[in-house]
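Hi,

Here is the structure I said I would pass on.

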2 protein chains.
Amino acid sequence: MINIGLLGCGTVGSGVVKLLEQNGETILKKTGKEIRIKKILERDVEKCLELGFAENCITEDIKDIVDDPEIDIIVELLGGISPADEFIIEAMEKGKHVVTANKDLIAVKGQDIFDTAENQKVDFYFEASVAGGIPAVTPLKQSLAGNNIEEVIGILNGTTNYILTKMSREGQDFDDVLKEAQDLGYAEADPSSDVYGLDAARKIAILASIAFNSRVMLDDVYVEGITSINAVDMEYAKELGLEVKLLAIAKQEEGQIQVRVHPAFIPIEHPLASVNGVYNAVFIKGDAVGDIMHYGSGAGQMPTASAVVGDIIEIVRNKNYNSNARIGCTCYDQKPILNINQLEGQFYIRMAVKDRPGALAGIAGVFGNNNVSLSSVLQKTNDWDMAELILITHNTSEQNLRDALAVLKGMSIVGEINNVIRLEGMDKK
Amino acid sequence: MINIGLLGCGTVGSGVVKLLEQNGETILKKTGKEIRIKKILERDVEKCLELGFAENCITEDIKDIVDDPEIDIIVELLGGISPADEFIIEAMEKGKHVVTANKDLIAVKGQDIFDTAENQKVDFYFEASVAGGIPAVTPLKQSLAGNNIEEVIGILNGTTNYILTKMSREGQDFDDVLKEAQDLGYAEADPSSDVYGLDAARKIAILASIAFNSRVMLDDVYVEGITSINAVDMEYAKELGLEVKLLAIAKQEEGQIQVRVHPAFIPIEHPLASVNGVYNAVFIKGDAVGDIMHYGSGAGQMPTASAVVGDIIEIVRNKNYNSNARIGCTCYDQKPILNINQLEGQFYIRMAVKDRPGALAGIAGVFGNNNVSLSSVLQKTNDWDMAELILITHNTSEQNLRDALAVLKGMSIVGEINNVIRLEGMDKK
């Protein structure tokens with residue numbers, strides 16, 4: 001018998017309870033052990049009673065759980081950083097293994113927790129913290145462990161992917177779709193952590209740490225949200241054979257790491273371009289395996305419970321063989337993380353210019369002077385006196401592009417620089 | 001130091017040698033052990049010398065390897081059933097762990113090998129046997145272990161997917177594209193194991209066994225190849241919003257299993273529909289995780305080597321913790337496998353009929369009499385006297401459909417039944 005202490009019995013917690021019950025028979029066959037939730041830390045007693053727990057299983061005092069010598073595994077589903085971090089560390093110090101879905105915690109306090117797990121020789125598993133039920137963490141640690149990972153690019157936030165998919169398909173503007181998504185329950189009342197890219201940033205920090213074997217924290221991630229994307233850019237994207245996605249990007253080149261979250265244009269031929277709606281995906285490039293992608297539900301009660309229960313099963317298998325902690329923290333390197341200004345890439349620029357002779361020559365000259373070379377220029381005349389320019393650059397440094405844009409903003413022929421969007425995965429076009 | 005005995009130093013074998021060297025430093029950090037290929041079973045001595053091996057490492061006698069007490073892990077890349085099976089069993093009996101990419105062997109002799117591994121408490125890993133570098137076997141055994149798996153649908157053969165993609169994009173016929181693929185080296189001189197579906201059948205037998213925890217052998221798989229697909233069907237597929245793929249399908253319903261390989265029409269919205277060219281994918285439906293898909297290179301030297309080296313790393317981690325055999329055979333159930341005639345599904349039927357009053361009524365009547373109900377009928381007149389009928393059925397049993405077709409074949413108004421193709425994943429439309 002394996003005893004679990006469940007911290008938090010909200011949506012995912014109830015899912016874990018259901019799943020352990022529903023598939024208990026096969027899990028017993030796979031692990032040779034019955035798995036029981038012995039105690040739950042939860043204020044909402046009623047909810048736990050409804051799930052069939054006896055009143056003496058439910059507590060509001062963490063001590064009842066961490067001090068119970070019969071409890072083998074803690075499943076932390078409280079979310080947030082404190083007190084989850086103290087509870088986890090306390091539990092580990094009492095020799096308990098920990099499963100969590102808490103991305104905020106790992107992206108900020110990962111190091112402390114991994115250190116404690118290593119000292120205590122306990123397991124710390126967190127597959128559910130990234131991309132819900134999609135196996136993302138485990139394959140990087142195991143099946144793909146022979147690779148030098150060069151890229152991890154994720155669509156890691158279902159809310160923003162739903163919004164962008166709907167904007168792209170129906171030509172609507174961001175604010176309208178967000179409102180609709182909120183009405184339908186696909187976006188929260190306060191959607192800021194989703195639409196400003198923070199949620200995706202936490203997840204890519206976790207994946208980058210594992211992929212590159214070097215700790216990446218939330219603060220290391222450059223973040224831009226999707227609020228500046230609008231229907232006009234979507235339309236031009238289509239003309240250019242591109243799709244807009246909020247990408248969480250981690251790359252490693254010559255021992256240096258870059259990690260960033262921002263909207264990006266990708267070619268419609270890229271596997272990530274057909275990841276639509278609330279679905280998530282993790283695209284990985286390894287030096288041996290080449291391009292692979294994992295796709296599925298990135299959130300939701302049962303997909304997340306699937307990841308949690310998968311981790312529980314692994315811990316039980318480890319317990320059976322006394323091999324807990326066999327895969328611990330894999331951040332054995334310390335690689336420098338590049339600043340966004342040091343990066344190179346291609347850019348889409350949409351700007352309004354006065355329709356005068358020599359205007360284009362003047363603008364092209366500014367790019368040239370700043371070492372930004374242009375791959376294509378599309379001119380659209382929309383007002384009687386103004387033209388819209390759509391420029392795509394060749395590979396260029398972010399710094400050079402910013403310098404060029406700063407000069408352009410001061411020019412009398414330039415009306416407005418409407419949008420600048422990065423291009424990714426253009427080798428797939 | 002971990003010593004490996006490599007059986008076969010062909011394409012994949014050389015890839016494993018290269019990868020262990022190329023990423024040796026990080027693999028050492030991940031496992032704490034140096035991994036060395038100590039001996040190679042290979043007739044082509046020259047090739048091994050070119051890879052940097054000393055002459056005394058190369059042997060043609062398996063005894064030099066299985067009797068070497070220093071060798072910890074055997075990597076079997078000979079292919080075929082005999083003598084690979086004897087070599088593996090002999091090695092296990094000497095306490096050695098085994099990694100293989102040999103799908104033929106597992107799909108036919110899996111049981112014997114798993115039994116030996118269990119008795120000897122050694123690891124038997126075979127991620128490379130299905131879908132090359134894509135993590136397919138491991139996620140089913142680990143991350144997704146909490147699920148009751150309902151479906152595994154794979155595009156598991158790169159050659160046929162390349163042919164079908166090219167037929168679909170360019171409107172060419174099967175024979176022309178096959179010749180082209182052979183000229184380019186994407187199809188073998190004898191392409192029968194690919195185009196008749198046998199290669200995919202072996203792989204789905206392996207995946208089904210793991211997904212459903214019940215042994216599925218090659219002989220249990222119903223197999224149809226792609227040779228009957230032609231440009232006309234491809235064109236109609238497009239009109240109907242469908243794409244043709246050679247699917248390897250395993251489903252479990254109420255404790256009964258169905259396993260089959262055949263060409264199928266799937267909606268273009270299905271994640272598998274955009275898996276093109278030589279790429280492979282494994283689509284999985286679990287009761288908790290919902291729909292997920294793993295996508296990548298299903299073959300090739302380095303992707304396959306990636307899977308082999310991932311398995312080697314797992315075995316070394318197990319050795320470090322003395323936990324080898326912690327995940328053994330998971331076929332603890334014996335579930336009945338349904339005959340193809342017992343299955344239900346939707347069908348596309350293309351037939352030539354004489355353009356006479358009442359012809360359609362007569363044909364529809366035959367389907368009705370056999371309990372086959374039609375979802376849509378499309379009539380195209382192509383010759384002066386003949387019409388082409390494209391029929392899509394609702395869900396119906398294979399047996400009923402066959403009965404209906406048998407009657408139709410005998411009718412004077414029916415010229416020819418040109419093609420019958422199954423539909424899959426229509427819930428994604």
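B:E70 comes out as partly exposed, with a relative accessible area of 43%. Before going further, please keep in mind that this is a predicted model.

The partner of B:E70 is B:R36, and the closest N and O atoms of this salt bridge are 4.0 Å apart. The two sit in distant parts of the chain, 34 residues apart: B:R36 is in strand β2 (residues 35-41) of chain B, while B:E70 is in the loop between α4 (63-66) and β4 (71-76) of chain B. B:R36 is partly exposed too, at 35% relative accessible area. Over in chain A, a network of salt bridges links A:R36, A:K38, A:K39, A:D68 and A:E70.

As a reminder, side chains of opposite charge can pair when their charged atoms come close. Across all chains, the search of the whole structure gives 59 salt bridges.

- A:D85 pairs with A:K109, with 3.5 Å between the closest N and O atoms. This one also joins distant parts of the chain, since A:D85 is in helix α5 (residues 84-93) of chain A and A:K109 is in helix α6 of chain A, 24 residues apart. A:D85 has a relative accessible area of 8%, so it counts as buried, whereas A:K109 is partly exposed at 28%.
- A:K203 pairs with A:D199, and here the closest N and O atoms are 2.8 Å apart. Both residues belong to helix α11 of chain A and are 4 residues apart, about one turn of the helix. A:K203 is buried at 8% relative accessible area, and A:D199 is buried at 6%.

**Pockets**

A:D199 turns up again in the second largest pocket: of the 43 residues that line this pocket, A:K103, A:E188, A:D199, A:A299 and A:G300 lie nearest its centre. Several elements of chain A give two or more residues to that lining, among them α1 (11-22), α6 (103-120), α11 (198-212) and α13 (301-320). The pocket holds about 1000 Å³ of space, and its lining has 13 nonpolar, 21 polar and 9 charged residues.

And the largest pocket? Its volume is about 1400 Å³. It is lined by 41 residues, and the closest to its centre are A:I268, A:S274, B:P271, B:A273 and B:S274. Both chains supply elements with at least two lining residues: α8 (158-170) and β12 (290-297) from chain A, and α8 (158-170), β11 (279-286) and β12 (290-297) from chain B. By class, the lining has 18 nonpolar, 10 polar and 13 charged residues.

**Cavities**

Rolling a probe the size of a water molecule over the atoms shows where empty space is left. There are 5 cavities of 30 Å³ or more, and the largest cavity has a volume of about 150 Å³. Residues lining the largest cavity include B:F124, B:Y125, B:K141, B:D311 and B:R326. Which element gives the largest share of that lining? It is α7(B), with 3 residues. β6 (124-125) and α13 (301-320) of chain B each supply at least two residues as well. The lining divides into 5 nonpolar, 2 polar and 5 charged residues.

**Backbone and surface**

The peptide bond from A:S82 to A:P83 is cis, with omega near 5 degrees, and A:P83 lies in the loop between β4 (71-76) and α5 of chain A. In chain B, the bond from B:S82 to B:P83 is cis as well, with omega near 5 degrees.

Two residues other than glycine have positive phi. A:A325 has phi near 75 degrees, lies in the loop between α13 and β13 (344-354) of chain A and is buried at 14% relative accessible area. B:A131 has phi of about 60 degrees, sits in the loop between β6 and α7 of chain B and is buried at 1%.

Finally, A:L184, A:Y186 and A:V278 make a nonpolar surface patch of about 290 Å². A:V278 is in the loop between β10 (256-267) and β11 (279-286) of chain A, and its relative accessibility of 42% makes it partly exposed.

Cheers

Note on methods: Residues are numbered from 1 along each chain as its sequence is written. Chains are lettered from A and ligands numbered from 1 in the order in which they are written. This is a predicted model: local features need pLDDT of at least 70, side-chain atom pairs count only at pLDDT 80 or more; totals for chains, interfaces and linings use all residues. Side-chain values use heavy atoms; hydrogens and water are left out. Patches are made of residues with over 30% relative accessible area and no salt bridge: like charges are joined within 9 Å, nonpolar side chains (Val, Leu, Ile, Met, Phe, Trp, Tyr) within 5 Å. Accessible areas come from the Shrake-Rupley method with a 1.4 Å probe; for residues, only the protein chains shown count as cover. A salt bridge is a side-chain nitrogen of Lys or Arg within 4 Å of a carboxyl oxygen of Asp or Glu. Buried means under 20% relative accessible area, exposed over 50%, partly exposed in between (1.4 Å probe, protein chains only). On a 1 Å grid over the protein atoms alone, a cavity is a set of points where a 1.4 Å probe fits but cannot get out, and a pocket is an open set with protein on both sides within 12 Å along at least five of seven lines; lining residues have an atom within 4 Å of a point. Grid points are joined across faces, edges and corners, and a volume is the space filled by probe spheres set on the points. Ala, Val, Leu, Ile, Met, Phe, Trp, Tyr, Cys and Pro count as nonpolar, Asp, Glu, Lys and Arg as charged, and the others, Gly among them, as polar.
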